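Please look over the sequence and the structure shown below before reading on.

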Amino acid sequence: MDQESEGVAIGTFNIADVLFHQGEDFIEAEKLARESLRIRTQLYGPDHSKVGLGRQLLAINLKKQGKFGDETK
């Protein structure tokens, strides 16, 4: 399988999503979410809905880790 394919992007996205929701390994989930986002941005461009889903997963992961947004509110 081509490592820059939608299949790889789906797989990395799904594993990142599971890791995040299980609360087991936010660092690995972040790494996989970034990889999926990179592949999908390359395949579809920055405005595609699949890219938006990847950004959302990455954002909630970063927020959970305290790396994104204002944590004082």
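Which residues does Arg 34 touch, not counting residues up to four places away in sequence? In this predicted model, Arg 34 touches Leu 58 and Leu 62 when residues up to four places away in sequence are not counted. Arg 34 itself lies in helix α2, and both Leu 58 and Leu 62 are among the residues by which α3 makes its contact with α2.

**Helix α2**

- Helix α2 covers residues 26-44; with its 19 residues, α2 reaches 26 Å from its first C-alpha to its last, which is close to the 27 Å expected at 1.5 Å a residue.
- The buried residues of α2 are Ala 29, Glu 30, Leu 32, Ala 33, Ser 36, Leu 37, Ile 39 and Arg 40, and what covers these residues includes α1 and α3.
- After α2 comes Gly 45, a residue whose phi is positive, near 90 degrees.

**Helix α2 against helix α3**

- Two packed helices are described by the angle between their axes and the distance between the axes.
- The axes of α2 and α3, the latter covering residues 49-64, come within 9 Å and cross at roughly 160 degrees; because angles over 145 degrees count as roughly antiparallel, α2 and α3 are roughly antiparallel to each other.
- The crossing of α2 and α3 is left-handed, and on the side of α2 the contact is made by Phe 26, Ala 29, Glu 30, Ala 33, Arg 34, Leu 37, Arg 40, Thr 41 and Tyr 44.
- On the side of α3, the residues that make this contact are Lys 50, Val 51, Gly 54, Arg 55, Leu 57, Leu 58, Asn 61, Leu 62 and Lys 64.
- Sorted by kind, the residues of the contact of α2 with α3 divide into 9 nonpolar, 3 polar and 6 charged.

**Helix α1 against helix α2**

- The axes of α1 and α2 come within 8 Å and cross at roughly 150 degrees, which makes α1 roughly antiparallel to α2.
- Helix α1 passes α2 in a left-handed crossing, and the residues of α1 that make the contact include Val 8, Ala 9, Phe 13, Ala 16 and Phe 20.
- From α2, the residues in this contact include Phe 26, Ala 29, Leu 32, Ile 39 and Leu 43.
- The residues of the contact of α1 with α2 divide into 15 nonpolar, 2 polar and 4 charged.

**Helix α1 against helix α3**

- Helices α1 and α3 pack at an angle of about 30 degrees, with their axes 11 Å apart; because angles under 35 degrees count as roughly parallel, α1 is roughly parallel to α3.
- This crossing of α1 and α3 is again described as left-handed, and the contact is made by Glu 6, Phe 13, Ala 16, Asp 17 and Phe 20 of α1 together with Lys 50, Leu 53, Gly 54, Leu 57, Ile 60, Asn 61 and Lys 64 of α3.
- The residues of the contact of α1 with α3 divide into 6 nonpolar, 2 polar and 4 charged.

- Ser 5 lies in the segment before α1, which covers residues 6-22, and Ser 5 counts as buried because its relative accessibility is 16%, where buried means under 20%.
- Leaving aside residues up to four places away in sequence, Ser 5 touches Ile 39 and Leu 43.
- Ile 39 lies in helix α2 and is buried, with a relative accessible area of 0%.
- Under the rule that leaves out residues up to four places away in sequence, Ile 39 touches Gln 3, Glu 4, Ser 5, Val 8 and Ala 9.
- Although Ile 39 and Gln 3 are 36 residues apart along the chain, their C-alpha atoms are separated by 8.7 Å.

**Arg 34 and Arg 38**

- Arg 34 is partly exposed, with a relative accessible area of 40%, and its C-alpha atom is separated by 18 Å from that of Asp 2, which is 32 residues away along the chain.
- Arg 38 is also placed in helix α2, where it is partly exposed, with a relative accessible area of 35%.
- The C-alpha atoms of Arg 38 and Glu 28, which are 10 residues apart along the chain, are separated by 15 Å.

How values were computed. Residues are numbered from 1 along each chain as its sequence is written. This is a predicted model: local features need pLDDT of at least 70, side-chain atom pairs count only at pLDDT 80 or more; totals for chains, interfaces and linings use all residues. Side-chain values use heavy atoms; hydrogens and water are left out. Axes are lines fitted to C-alpha atoms, for helices over the stretch in contact, and angles run from 0 to 180 degrees between N-to-C directions. Helices (H or I, at least four residues) and strands (E, at least two) are DSSP runs, numbered from the N terminus. Angles under 35 degrees count as roughly parallel, over 145 as roughly antiparallel, 65 to 115 as roughly perpendicular and the rest as oblique. A crossing is left-handed if the near helix is turned anticlockwise from the far one by less than a right angle, and right-handed if clockwise. Contact means heavy atoms within 4.5 Å. Ala, Val, Leu, Ile, Met, Phe, Trp, Tyr, Cys and Pro count as nonpolar, Asp, Glu, Lys and Arg as charged, and the others, Gly among them, as polar. Buried means under 20% relative accessible area, exposed over 50%, partly exposed in between (1.4 Å probe, protein chains only). The expected span of a helix is 1.5 Å times one less than its number of residues.
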